[in-house]
Amino acid sequence: MVKGITEAQIFACSQSTELAENIAKAYGIPLGNVITSTYSDGEFQPSFEQSIRGARVFLIGSTHPGSDHLMEMLLMLDAAKRASARHITAVMPYFGWARQDRKDKPRVPIAAKLIAKMLETAGATRIITMDLHADQIQGFFERPVDHLFASTIFLPHLKALGLDNLTMASPDMGGSKRAYAYSKVLESDVVICYKQRAKANVISHMELIGDVKGKNVILVDDMVDTAGTLTRAADVMMEKGAKSVRAICTHPVLSGNAYEKIENSKLQQLIVTDSIPLKQESKKIKVVSCAELFADVMKSVHENKSISSKFLM
(Lines give C-alpha, C1' and ligand atoms only; values in the text may rest on other atoms or scores of the structure.)
Protein backbone atom coordinates (compact mmCIF):
# COMPACT_ATOMS: atom_id res chain seq x y z
CA MET A 1 0.00 0.00 0.00
CA VAL A 2 1.28 3.48 -0.91
CA LYS A 3 1.92 5.70 2.13
CA GLY A 4 -1.01 7.99 2.86
CA ILE A 5 -3.48 5.98 0.76
CA THR A 6 -6.08 3.89 2.56
CA GLU A 7 -6.44 0.26 1.53
CA ALA A 8 -8.81 -0.52 -1.35
CA GLN A 9 -11.73 -2.91 -0.98
CA ILE A 10 -13.31 -4.93 -3.81
CA PHE A 11 -16.88 -6.22 -3.86
CA ALA A 12 -18.83 -8.21 -6.43
CA CYS A 13 -22.30 -7.95 -7.85
CA SER A 14 -23.87 -11.40 -8.18
CA GLN A 15 -23.50 -11.75 -11.98
CA SER A 16 -19.77 -11.00 -11.87
CA THR A 17 -18.69 -12.96 -8.78
CA GLU A 18 -16.23 -15.23 -10.61
CA LEU A 19 -14.64 -12.36 -12.51
CA ALA A 20 -14.46 -10.27 -9.31
CA GLU A 21 -12.71 -13.13 -7.50
CA ASN A 22 -10.13 -13.29 -10.29
CA ILE A 23 -9.66 -9.52 -10.24
CA ALA A 24 -9.21 -9.49 -6.45
CA LYS A 25 -6.67 -12.32 -6.72
CA ALA A 26 -4.73 -10.44 -9.41
CA TYR A 27 -4.94 -7.25 -7.34
CA GLY A 28 -3.60 -9.09 -4.29
CA ILE A 29 -6.42 -8.55 -1.78
CA PRO A 30 -9.37 -10.72 -0.72
CA LEU A 31 -12.82 -10.12 -2.15
CA GLY A 32 -14.98 -8.17 0.29
CA ASN A 33 -17.95 -9.69 2.08
CA VAL A 34 -21.35 -8.60 0.79
CA ILE A 35 -24.57 -10.53 1.19
CA THR A 36 -27.89 -10.08 -0.59
CA SER A 37 -31.23 -10.69 1.12
CA THR A 38 -34.15 -11.48 -1.17
CA TYR A 39 -37.83 -11.00 -0.37
CA SER A 40 -40.47 -13.44 -1.58
CA ASP A 41 -41.69 -10.98 -4.21
CA GLY A 42 -38.21 -10.72 -5.79
CA GLU A 43 -37.10 -7.48 -4.13
CA PHE A 44 -33.51 -7.72 -2.90
CA GLN A 45 -31.17 -5.82 -0.58
CA PRO A 46 -27.35 -5.97 -0.67
CA SER A 47 -25.45 -5.41 2.56
CA PHE A 48 -21.73 -4.78 3.16
CA GLU A 49 -20.64 -7.03 6.02
CA GLN A 50 -17.49 -5.04 6.84
CA SER A 51 -16.65 -1.41 7.45
CA ILE A 52 -15.94 0.67 4.34
CA ARG A 53 -15.84 4.07 6.05
CA GLY A 54 -13.24 6.29 4.39
CA ALA A 55 -12.16 3.56 1.97
CA ARG A 56 -11.85 3.41 -1.79
CA VAL A 57 -14.44 0.86 -2.83
CA PHE A 58 -14.51 -0.95 -6.18
CA LEU A 59 -17.88 -2.49 -7.05
CA ILE A 60 -17.55 -5.02 -9.89
CA GLY A 61 -20.62 -5.87 -11.94
CA SER A 62 -21.57 -6.04 -15.59
CA THR A 63 -25.05 -4.62 -16.16
CA HIS A 64 -26.10 -7.28 -18.63
CA PRO A 65 -29.88 -7.05 -19.12
CA GLY A 66 -32.27 -7.99 -17.47
CA SER A 67 -32.56 -4.99 -15.28
CA ASP A 68 -31.81 -6.81 -11.99
CA HIS A 69 -28.06 -6.55 -12.65
CA LEU A 70 -28.29 -2.78 -13.08
CA MET A 71 -30.53 -2.45 -10.03
CA GLU A 72 -28.07 -4.44 -7.93
CA MET A 73 -25.23 -2.11 -8.94
CA LEU A 74 -27.34 0.95 -8.10
CA LEU A 75 -28.29 -0.43 -4.67
CA MET A 76 -24.67 -1.29 -3.87
CA LEU A 77 -23.55 2.19 -4.90
CA ASP A 78 -26.20 3.74 -2.65
CA ALA A 79 -25.24 1.47 0.25
CA ALA A 80 -21.55 2.37 -0.14
CA LYS A 81 -22.38 6.09 -0.24
CA ARG A 82 -24.49 5.82 2.92
CA ALA A 83 -21.72 3.79 4.62
CA SER A 84 -19.34 6.76 4.13
CA ALA A 85 -16.97 5.25 1.57
CA ARG A 86 -14.58 7.97 0.40
CA HIS A 87 -14.31 6.89 -3.27
CA ILE A 88 -16.83 4.60 -4.97
CA THR A 89 -15.80 3.19 -8.34
CA ALA A 90 -18.32 1.27 -10.45
CA VAL A 91 -16.30 -1.31 -12.37
CA MET A 92 -18.56 -2.33 -15.23
CA PRO A 93 -16.76 -4.64 -17.68
CA TYR A 94 -19.93 -4.66 -19.80
CA PHE A 95 -22.03 -1.49 -19.82
CA GLY A 96 -25.58 -2.57 -20.62
CA TRP A 97 -28.05 -0.55 -22.71
CA ALA A 98 -25.10 1.02 -24.57
CA ARG A 99 -26.80 0.42 -27.94
CA GLN A 100 -29.36 3.08 -26.99
CA ASP A 101 -26.84 5.92 -27.20
CA ARG A 102 -28.94 8.26 -29.38
CA LYS A 103 -32.43 8.83 -30.73
CA ASP A 104 -32.49 6.79 -33.94
CA LYS A 105 -36.21 7.43 -34.43
CA PRO A 106 -38.85 9.66 -32.80
CA ARG A 107 -40.17 9.06 -29.26
CA VAL A 108 -37.47 6.68 -27.99
CA PRO A 109 -35.20 7.06 -24.92
CA ILE A 110 -31.46 7.57 -24.80
CA ALA A 111 -31.05 4.80 -22.26
CA ALA A 112 -27.24 5.00 -22.01
CA LYS A 113 -27.49 8.64 -20.88
CA LEU A 114 -30.23 7.79 -18.38
CA ILE A 115 -28.15 4.99 -16.86
CA ALA A 116 -25.10 7.27 -16.61
CA LYS A 117 -27.13 9.74 -14.56
CA MET A 118 -28.57 6.95 -12.40
CA LEU A 119 -25.10 5.62 -11.58
CA GLU A 120 -23.87 9.08 -10.59
CA THR A 121 -26.97 9.80 -8.51
CA ALA A 122 -26.60 6.46 -6.73
CA GLY A 123 -23.07 7.39 -5.66
CA ALA A 124 -20.48 6.44 -8.28
CA THR A 125 -17.50 8.80 -8.18
CA ARG A 126 -15.68 7.01 -11.02
CA ILE A 127 -16.52 4.50 -13.76
CA ILE A 128 -14.21 1.84 -15.20
CA THR A 129 -15.57 -0.02 -18.22
CA MET A 130 -14.36 -1.77 -21.37
CA ASP A 131 -15.17 -1.45 -25.08
CA LEU A 132 -18.29 0.68 -24.94
CA HIS A 133 -20.61 0.15 -27.88
CA ALA A 134 -20.31 3.87 -28.62
CA ASP A 135 -17.33 5.98 -27.50
CA GLN A 136 -19.47 9.07 -26.91
CA ILE A 137 -21.10 7.41 -23.89
CA GLN A 138 -18.05 8.60 -21.91
CA GLY A 139 -19.43 12.12 -22.38
CA PHE A 140 -22.73 11.19 -20.74
CA PHE A 141 -20.96 11.16 -17.36
CA GLU A 142 -19.91 14.14 -15.23
CA ARG A 143 -17.50 11.83 -13.36
CA PRO A 144 -14.19 10.38 -14.63
CA VAL A 145 -14.54 7.39 -16.96
CA ASP A 146 -11.68 4.98 -17.66
CA HIS A 147 -12.62 3.35 -20.96
CA LEU A 148 -10.41 0.29 -21.44
CA PHE A 149 -9.85 -1.58 -24.68
CA ALA A 150 -9.87 -5.36 -24.96
CA SER A 151 -7.22 -5.01 -27.68
CA THR A 152 -4.76 -5.07 -24.76
CA ILE A 153 -5.84 -8.70 -24.25
CA PHE A 154 -6.65 -9.75 -27.82
CA LEU A 155 -3.59 -8.49 -29.69
CA PRO A 156 -1.04 -10.76 -27.97
CA HIS A 157 -3.41 -13.69 -28.56
CA LEU A 158 -3.78 -12.88 -32.27
CA LYS A 159 -0.03 -12.52 -32.73
CA ALA A 160 0.49 -15.90 -31.06
CA LEU A 161 -1.74 -17.56 -33.68
CA GLY A 162 0.95 -16.84 -36.28
CA LEU A 163 -1.50 -16.56 -39.19
CA ASP A 164 -0.24 -15.59 -42.64
CA ASN A 165 -2.26 -13.48 -45.12
CA LEU A 166 -4.11 -11.94 -42.19
CA THR A 167 -7.07 -9.66 -42.85
CA MET A 168 -9.06 -7.79 -40.21
CA ALA A 169 -12.78 -7.41 -40.86
CA SER A 170 -15.69 -5.47 -39.43
CA PRO A 171 -19.15 -7.11 -39.50
CA ASP A 172 -20.74 -3.70 -40.16
CA MET A 173 -19.88 -0.15 -41.22
CA GLY A 174 -20.00 1.13 -37.63
CA GLY A 175 -17.12 -1.10 -36.56
CA SER A 176 -14.76 -0.13 -39.37
CA LYS A 177 -12.73 2.18 -37.11
CA ARG A 178 -12.07 -0.69 -34.69
CA ALA A 179 -11.03 -3.06 -37.48
CA TYR A 180 -8.72 -0.42 -38.97
CA ALA A 181 -7.05 0.16 -35.59
CA TYR A 182 -6.26 -3.56 -35.30
CA SER A 183 -5.02 -3.67 -38.90
CA LYS A 184 -2.49 -0.88 -38.25
CA VAL A 185 -0.95 -2.76 -35.34
CA LEU A 186 -0.99 -6.12 -37.15
CA GLU A 187 -0.04 -4.60 -40.53
CA SER A 188 -2.90 -6.34 -42.30
CA ASP A 189 -5.61 -5.56 -44.85
CA VAL A 190 -9.16 -4.56 -43.88
CA VAL A 191 -12.51 -5.82 -45.13
CA ILE A 192 -15.90 -4.29 -44.27
CA CYS A 193 -19.29 -6.00 -44.32
CA TYR A 194 -22.17 -3.88 -45.56
CA LYS A 195 -25.48 -5.12 -44.18
CA GLN A 196 -29.10 -4.06 -44.37
CA ARG A 197 -31.54 -4.94 -41.60
CA ALA A 198 -35.20 -5.82 -41.99
CA LYS A 199 -35.58 -5.04 -38.25
CA ALA A 200 -33.50 -5.31 -35.07
CA ASN A 201 -31.36 -8.50 -35.07
CA VAL A 202 -32.66 -9.52 -38.54
CA ILE A 203 -30.35 -9.09 -41.59
CA SER A 204 -31.96 -8.87 -45.00
CA HIS A 205 -28.79 -8.45 -47.12
CA MET A 206 -24.99 -8.49 -46.71
CA GLU A 207 -22.13 -7.62 -49.08
CA LEU A 208 -18.34 -7.47 -48.65
CA ILE A 209 -16.21 -4.40 -49.33
CA GLY A 210 -12.77 -5.85 -50.00
CA ASP A 211 -11.14 -9.13 -51.02
CA VAL A 212 -10.90 -12.16 -48.71
CA LYS A 213 -9.77 -14.83 -51.19
CA GLY A 214 -6.98 -16.94 -49.68
CA LYS A 215 -6.95 -14.82 -46.51
CA ASN A 216 -7.16 -15.75 -42.83
CA VAL A 217 -9.88 -13.36 -41.67
CA ILE A 218 -10.40 -12.03 -38.14
CA LEU A 219 -13.78 -10.39 -37.55
CA VAL A 220 -13.68 -7.86 -34.72
CA ASP A 221 -16.61 -6.39 -32.79
CA ASP A 222 -17.38 -5.01 -29.33
CA MET A 223 -20.11 -7.56 -28.62
CA VAL A 224 -21.88 -10.61 -29.99
CA ASP A 225 -25.60 -10.81 -29.20
CA THR A 226 -27.67 -13.15 -31.37
CA ALA A 227 -24.57 -13.96 -33.48
CA GLY A 228 -26.65 -13.49 -36.64
CA THR A 229 -24.37 -10.86 -38.17
CA LEU A 230 -21.19 -12.64 -37.13
CA THR A 231 -22.13 -16.07 -38.49
CA ARG A 232 -23.62 -14.60 -41.68
CA ALA A 233 -20.40 -12.66 -42.28
CA ALA A 234 -18.29 -15.78 -41.68
CA ASP A 235 -20.37 -17.82 -44.11
CA VAL A 236 -20.23 -15.11 -46.80
CA MET A 237 -16.46 -14.79 -46.42
CA MET A 238 -15.90 -18.52 -46.76
CA GLU A 239 -18.09 -18.51 -49.87
CA LYS A 240 -15.90 -15.70 -51.25
CA GLY A 241 -12.77 -17.85 -50.86
CA ALA A 242 -11.44 -17.03 -47.38
CA LYS A 243 -8.97 -19.57 -46.01
CA SER A 244 -10.41 -19.32 -42.47
CA VAL A 245 -12.62 -16.99 -40.45
CA ARG A 246 -12.24 -16.31 -36.74
CA ALA A 247 -13.82 -13.59 -34.59
CA ILE A 248 -12.87 -11.57 -31.54
CA CYS A 249 -15.79 -10.02 -29.65
CA THR A 250 -15.29 -8.42 -26.26
CA HIS A 251 -18.69 -9.06 -24.68
CA PRO A 252 -20.36 -12.50 -25.14
CA VAL A 253 -24.02 -11.53 -24.69
CA LEU A 254 -25.02 -14.60 -26.77
CA SER A 255 -28.79 -14.45 -26.46
CA GLY A 256 -31.49 -16.56 -28.09
CA ASN A 257 -30.08 -19.38 -30.21
CA ALA A 258 -26.66 -17.74 -30.61
CA TYR A 259 -24.74 -20.81 -29.46
CA GLU A 260 -26.53 -22.97 -32.04
CA LYS A 261 -25.78 -20.46 -34.81
CA ILE A 262 -22.10 -20.42 -33.93
CA GLU A 263 -21.88 -24.22 -33.84
CA ASN A 264 -23.58 -24.52 -37.25
CA SER A 265 -21.63 -21.72 -38.94
CA LYS A 266 -18.34 -21.73 -40.84
CA LEU A 267 -16.79 -19.62 -38.10
CA GLN A 268 -13.67 -21.49 -36.94
CA GLN A 269 -13.36 -19.85 -33.54
CA LEU A 270 -14.94 -17.08 -31.47
CA ILE A 271 -12.63 -15.45 -28.92
CA VAL A 272 -14.32 -13.46 -26.13
CA THR A 273 -13.51 -12.05 -22.69
CA ASP A 274 -15.13 -13.01 -19.39
CA SER A 275 -16.86 -9.63 -19.02
CA ILE A 276 -20.10 -11.64 -19.09
CA PRO A 277 -20.14 -15.29 -17.94
CA LEU A 278 -20.96 -17.82 -20.66
CA LYS A 279 -24.32 -19.57 -20.35
CA GLN A 280 -22.90 -22.80 -21.77
CA GLU A 281 -19.66 -24.28 -23.07
CA SER A 282 -18.83 -24.49 -26.77
CA LYS A 283 -15.82 -26.03 -28.51
CA LYS A 284 -15.77 -23.02 -30.86
CA ILE A 285 -15.69 -20.38 -28.10
CA LYS A 286 -12.44 -19.47 -26.33
CA VAL A 287 -12.49 -17.18 -23.29
CA VAL A 288 -9.54 -14.93 -22.41
CA SER A 289 -9.72 -13.24 -19.03
CA CYS A 290 -9.81 -9.47 -18.53
CA ALA A 291 -9.16 -9.84 -14.77
CA GLU A 292 -5.49 -8.79 -14.85
CA LEU A 293 -6.25 -5.77 -17.02
CA PHE A 294 -8.91 -4.51 -14.61
CA ALA A 295 -6.80 -5.31 -11.54
CA ASP A 296 -3.82 -3.36 -12.93
CA VAL A 297 -5.97 -0.36 -13.83
CA MET A 298 -7.79 -0.41 -10.48
CA LYS A 299 -4.46 -0.49 -8.61
CA SER A 300 -3.11 2.40 -10.70
CA VAL A 301 -6.29 4.41 -10.09
CA HIS A 302 -6.08 3.73 -6.36
CA GLU A 303 -2.42 4.76 -6.22
CA ASN A 304 -2.99 7.81 -8.44
CA LYS A 305 -0.73 6.48 -11.19
CA SER A 306 -1.06 6.83 -14.96
CA ILE A 307 -2.94 4.10 -16.87
CA SER A 308 -1.97 5.25 -20.37
CA SER A 309 0.31 2.23 -20.82
CA LYS A 310 -2.80 0.02 -20.78
CA PHE A 311 -4.09 1.46 -24.05
CA LEU A 312 -2.48 -0.39 -26.96
CA MET A 313 -4.70 1.31 -29.55
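Reply: Let us begin with the definition that any count of elements needs: helices (H or I, at least four residues) and strands (E, at least two) are DSSP runs, numbered from the N terminus. Please keep in mind that this is a predicted model. Read in that way, the secondary structure of the protein comes to eight helices and 14 strands.

Me: What radius of gyration would a compact globule with 313 residues have, and what does the protein have?

Reply: The rule for a globule is 2.2 Å times the number of residues to the power 0.38. For 313 residues this gives a value near 20 Å, and because the protein has 20 Å, it agrees with what a compact globule would show. Along the principal axes, the C-alpha trace spans about 60 × 45 × 35 Å.

Me: How much of the protein is buried?

Reply: Buried means under 20% relative accessible area, and by that criterion buried residues make up 52% of the 313 residues. The protein exposes about 14800 Å², of which carbon and sulfur atoms supply 49%.

Me: Which span does the UniProt record mark as a domain?

Reply: The unreviewed UniProt entry places the feature "domain: Ribose-phosphate pyrophosphokinase N-terminal" at residues 9–123. In the model, that span is 33% helix and 22% strand, and its end C-alpha atoms lie 16 Å apart.

Me: Which way do the residues of strand β7 point?

Reply: In β7 (residues 145–148), V145 and H147 point one way while D146 and L148 point the other way, and all of them are buried. For its pairing, recall that two strands pair if DSSP finds at least two bridges between them. Strand β6 (residues 126–130) runs parallel to β7 and is joined to it by four bridges, and within this pairing H147 is the bridge partner of T129.

Me: Which strands are joined to β13 by bridges?

Reply: On the one hand, strand β12 (residues 244–252) runs parallel to β13 and four bridges join them; on the other, four bridges join β13 to strand β14 (residues 285–288), again in parallel. Strand β13 itself (residues 269–273) is mostly covered, with four of its five residues buried.

Me: What kind of unit do β12, helix α7 and β13 make?

Reply: They make a right-handed β-α-β unit, in which helix α7 comprises residues 258–264. To check the hand in your viewer, point the strands away from you and follow the path from the first strand over the helix to the second, which runs clockwise in a right-handed crossover.

Notes:
Residues are numbered from 1 along each chain as its sequence is written. This is a predicted model: local features need pLDDT of at least 70, side-chain atom pairs count only at pLDDT 80 or more; totals for chains, interfaces and linings use all residues. Side-chain values use heavy atoms; hydrogens and water are left out. Buried means under 20% relative accessible area, exposed over 50%, partly exposed in between (1.4 Å probe, protein chains only). Accessible areas come from the Shrake-Rupley method with a 1.4 Å probe; for residues, only the protein chains shown count as cover. UniProt positions are given in the numbering used here, feature names are shortened, and annotations may be inferred rather than shown by experiment.
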